[in-house]
Amino acid sequence: GGPPPPPPPPPPGGAGAKRGVSGSSKDTSHVSKSWEVIKMYQTLQRSSSNTPLLPKRAKGKSGGTSAPGAPGASPAANSPGSASAAAGEGAGDVAAPVDAQRGVMQELAGKSAFMKQVEADRQRMAPMITDLAVQITAFQPLDMVQVEVFVAEVERRLALLCDEGMVLKTFSSFPEKRLEAMREAVARKRELQKLTTTMDP
């Protein structure tokens, strides 16, 4: 009829030892899992470094890739021209963007206002340019005074062009080197005249 007896005391070090045992087992499991992760990473690194970077081959009947000369490879993969064909395809892939870019640049140049003006001058000034080419080729001066007068007249006519170099580019018969030689002679003569005026009498 009295109160129940108190519960017995716990064994010495029971709860602490249990926690210590569980803690040690938990730490051991964590360390083992860490080593498993490290080994798996090292295995993946070795496998990726040893795998050659080969281009994809044509798939066989099984759906996998077949290397040239393999039993399951298709005749096209084993043929000698397959490698050259693949190289040609690669070169075509590289050349295609270059050709497209060149075409765009040519189209933009053709639509620009400057190129339109150049083409207009080529057509409008063609008779004058042809006549100048004949006169420059046949010109036989007797002295530098005639050269100066002739070059001045040529310069006056060529100044009508929007761009001398671009317009004359399509006129293959135009004697540009002969004209440049006469221009150089006139420039040297003027330099000598300036030099003589600065010299003491």
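User: Why is Glu155 called partly exposed?

Analyst: Glu155 has a relative accessible area of 29%. Buried means under 20%, exposed means over 50%, and partly exposed lies in between (1.4 Å probe, protein chains only). So Glu155 is partly exposed.

User: What kind of model is this?

Analyst: This is a predicted model: local features need pLDDT of at least 70, side-chain atom pairs count only at pLDDT 80 or more, and totals for chains, interfaces and linings use all residues. Residues are numbered from 1 along each chain as its sequence is written, and side-chain values use heavy atoms, leaving out hydrogens and water.

User: What makes Arg183 and Glu155 a salt bridge?

Analyst: A salt bridge needs a side-chain nitrogen of Lys or Arg within 4 Å of a carboxyl oxygen of Asp or Glu. The closest N and O atoms of Arg183 and Glu155 are 2.6 Å apart, so the pair qualifies. The pair links distant parts of the chain: Arg183 is in helix α8 and Glu155 in helix α6, 28 residues apart. Helices are DSSP runs (H or I, at least four residues), numbered from the N terminus.

User: Is Arg183 buried or exposed?

Analyst: Arg183 is buried, because its relative accessible area is 17%.

User: How do you know that Arg190 and Glu148 form a salt bridge?

Analyst: Their closest N and O atoms are 3.9 Å apart, so they meet the cut-off. Arg190 sits in helix α8 and Glu148 in helix α6, 42 residues apart.

User: How many salt bridges does a search of the whole structure find?

Analyst: The search finds 11.

Notes: Helix = DSSP H or I, 4+ residues; strand = E, 2+ residues; numbered from the N terminus.
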